[in-house]
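Subject: Structure for you to look at

Hi,

Here is the structure I promised to pass on. Please open it next to this email; my notes follow below.

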Amino acid sequence: MEISHKFGDSKWKGMLYFEHENYQYKRLDCWFLRPGIRYDVLPWLRLGLSYDFLKVPDTYGHRIVPEVTGTIKEGRLTASLRLRYLHTWKPELHTEDNELRTRLLISYKIPDLKLMPYIANEIFTWGNTWRKSRHYVACAYDVTDFMQAEAFYMLTFSNKNPQHILGLGLNFAL
């Protein structure tokens, strides 16, 4: 779930994001809360900075998340490329980690139906090491001018067996 607010006519936007993940509806894998700010440098270029408080079954952690997103539009078709750096530390475990996530998202807006189907690919790396990738097929629906519902299928590849994930999202723009 995401709630965002644009501050008047400025190029600044505040946001609060919450994500909850569970395993086959049986146990909580993790959740995190992400307050952040975004700044539109140009109509096609946005910078963001967020902080995560995350909780996993055995411990908690903190994460700093700077990102840059470039977007191009042609009619109803949109493509965006996001580069997101994550620095995570878990005080109880005395561990730190770095990760770079690169996501390409291509969407098509169907205004009469208020639908926006999209596909996306996200690659997780650090240095020259591939960690995992996510592949999405999804659709967002504009419930109102201020609320959007989203459903997605995600296929994740890592060093483990592939995972098939179904997800739901709800976004509010106030």
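L77, L81, L83, L100, L104, I106, Y108, I119, W126, V137, Y153 and L166 make a nonpolar patch of about 1100 Å². Patches here are built from residues with over 30% relative accessible area and no salt bridge; nonpolar side chains (Val, Leu, Ile, Met, Phe, Trp, Tyr) are joined within 5 Å, like charges within 9 Å. Areas come from the Shrake-Rupley method with a 1.4 Å probe, and for residues only the protein chains shown count as cover.

The top contributor is β7, with four residues. L83 sits in strand β6. Its relative accessibility is 36%, so L83 counts as partly exposed. The classes are: buried under 20% relative accessible area, exposed over 50%, partly exposed in between (1.4 Å probe, protein chains only).

A word on the source. This is a predicted model, so local features need pLDDT of at least 70 and side-chain atom pairs count only at pLDDT 80 or more, while totals for chains, interfaces and linings use all residues. Residues are numbered from 1 along each chain as its sequence is written, and side-chain values use heavy atoms, with hydrogens and water left out.

Now the overall build. The protein chain has eleven strands and zero helices. Both are DSSP runs numbered from the N terminus: helices are H or I with at least four residues, strands are E with at least two. The radius of gyration is 17 Å, close to the 16 Å from the globule rule for 174 residues, so the chain is as compact as a globular protein of that length. That radius is taken over C-alpha atoms, and the rule is 2.2 Å times the number of residues to the power 0.38. The C-alpha trace spans about 50 × 35 × 30 Å along its principal axes. Buried residues make up 28% of the 174. The chain exposes about 11400 Å², with 62% of that supplied by carbon and sulfur atoms.

Next, the inside. The largest nonpolar core has six residues: L105, Y118, A120, Y136, A138 and M154. β8 and β9 (129-142) are the elements that give two or more residues to this core. A nonpolar core means buried Ala, Val, Leu, Ile, Met, Phe, Trp, Tyr and Cys residues joined through side-chain atoms within 4.5 Å. Beyond its neighbours within four places in sequence, A120 is in contact (heavy atoms within 4.5 Å) with L104, L105, R134, H135 and Y136.

Last, the charges. There are ten salt bridges, each a side-chain nitrogen of Lys or Arg within 4 Å of a carboxyl oxygen of Asp or Glu. R34 and D52 form one of them, at 2.6 Å, N to O. R34 is in strand β3 (residues 27-42) and D52 in strand β4 (residues 45-56), so the pair ties together parts 18 residues apart in sequence. Both R34 and D52 are buried. D52 also meets R63, at 3.1 Å, N to O. R63 lies in strand β5 (residues 59-74), so this pair links parts eleven residues apart. R63 is buried, as is D52.

E122 and R134 form another bridge, at 3.9 Å, N to O. This one ties β8 to β9, parts twelve residues apart in sequence. E122 is buried at 3% relative accessibility, and R134 is buried at 15%. Salt bridges with shared partners also join D97, E99, R101 and R131 into one network.

Best wishes
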